[in-house]
Amino acid sequence: MLYRKGSTLFNEIHGQPDMWRAVLAELNNRADAVKNWLKTQGFGQVIYVTSGDYLNVALSMARITNLIVGLNSVAVPASELLYGRRAPYDVRIKTLAVVLSKGDLAEEIGWGMDRLKMLDPRAQMLAVEMGDAVLAARAHQALTFEQVKDSTKIAISTVTAMLLIGYTLVSWLSGRDVLSAELNRLPGLLGDNLPKWQTMAQRMVQKKPSHVVFLGSGPFLGLAKQSALTLRQAVGITSEANTFVEYRHGYHACLTNQMSVMGLMSNSFAQTEEKIIGDLASTRVNRLAICDSASAPLSRSCDDVLELKTGVNEVCRGLLVLPVVQLYCFYMAIGRGINPDNPKHLDRPPIMLKEAPGTSPAPKVSQ
């Protein structure tokens, strides 16, 4: 490791293949019990309840659940459940609530769980926790991964582990062993290719943009949002995320040659995404893309393209994209003289809530 600054974060990014293997092994130990429970329940829809970084992961998981399993699926911030008088779905349909949490989020997410029990007593809860099992006792089923923890204030390992677990849950719900087999390939693919992708990610940050936009379609939208959040945390510059097609509608108006747009390319919308990123040439923005294999139009449209060349299907490939983006954020911070192990922007602790939102008496309105 050539950098003293950021060595902890760098090593954590490169340690993810081993961590994924440990997570898959633990999931394999619990597979039969959870599969049987899911099968006997006959769920008609899935809701993901979480907060923080995991909300972006949940957005991707909800979309994949709908695509692969065919069930209605939404992701809801745990705190937002406290503001509604009804559950944000049809309570007449038997619902699986997947709760994604870790230690510092457990109290907030626990408030959401308690509220959901009031709004829909029939909902069955599956708690997935990183670190200590805080919410397991409130759920009907629980998966706890005590060994998965983040080494810094930036969520790296827990985010990709949670996404891997989410993909596995989808495979269990769908009953498709092909998806499970593909997931088992990912740790080896990441370990073999990460050094090469590291060099390519380092090359992509040379222009040191003042603002970065991440674009994604379908399940890649949640990954784009998580990429923007990781960059904001590690580097402290503004970043945003949007869908490819929606970004055409005026969102691109502020782009300049001092900014970058990174497209997380899908297979389903490839031609449309290539055209949209190509049309951004008029703004003179630095155009980047991460894909599995670049077509000739995409190569011509972008200033730089990072090709994974793994042959992994579109759904599972999203999990390989996040470590590449994490390296991109790491090198962006190093290039600006920022220590990503302890970014100053995260020095202040988050605002602590003494009680659940909406439970304190409402202020009186003056007449």
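A pocket is an open set of points on a 1 Å grid over the protein atoms alone, with protein on both sides within 12 Å along at least five of seven lines, whereas a cavity is a set of points where a 1.4 Å probe fits but cannot get out; lining residues have an atom within 4 Å of a point. Grid points are joined across faces, edges and corners, and a volume is the space filled by probe spheres set on the points.

This is a predicted model, in which local features need pLDDT of at least 70 and side-chain atom pairs count only at pLDDT 80 or more, while totals for chains, interfaces and linings use all residues. Residues are numbered from 1 along each chain as its sequence is written, and side-chain values use heavy atoms, without hydrogens and water.

**Pocket and cavity**

The largest pocket holds about 930 Å³ of space. Its lining comprises 33 residues, of which Asp53, Lys102, Asp104, Leu105 and Pro350 lie nearest the centre. Helices H3 and H4 are the elements that give two or more residues to this lining. Helices (H or I, at least four residues) and strands (E, at least two) are DSSP runs, numbered from the N terminus.

The structure also holds one cavity of 30 Å³ or more. Its lining consists of Ala155, Val159, Gln226, Ser227, Thr230, Leu322, Val325 and Gln326. Helix H7 (220–235) and helix H11 (314–335) each supply at least two of the lining residues.

Ala, Val, Leu, Ile, Met, Phe, Trp, Tyr, Cys and Pro count as nonpolar, Asp, Glu, Lys and Arg as charged, and the others, Gly among them, as polar.

| Space | Volume | Lining by class |
|---|---|---|
| Largest pocket | about 930 Å³ | 15 nonpolar, eight polar, ten charged residues |
| Largest cavity | about 40 Å³ | four nonpolar, four polar, no charged residues |

**Sheet and helices**

Five strands form an open, parallel sheet in the order S2-S1-S3-S4-S5; two strands pair if DSSP finds at least two bridges between them. Strand S2 (72–77) and strand S5 (141–145) are the edge strands, each pairing on one side only. Strands S3 (residues 95–102) and S4 (residues 124–130) run parallel and are joined by seven bridges. Lysine 102 stands opposite methionine 130 in S4.

Helix H3 (residues 53–68) lies across strand S1 (45–50), S2, S3 and S4, at about 170 degrees to S2. Helix H4 (residues 106–119) packs on the sheet, touching S1, S3 and S4, and its direction makes about 165 degrees with that of S3. Contact means heavy atoms within 4.5 Å; axes are lines fitted to C-alpha atoms, for helices over the stretch in contact, and angles run from 0 to 180 degrees between N-to-C directions.
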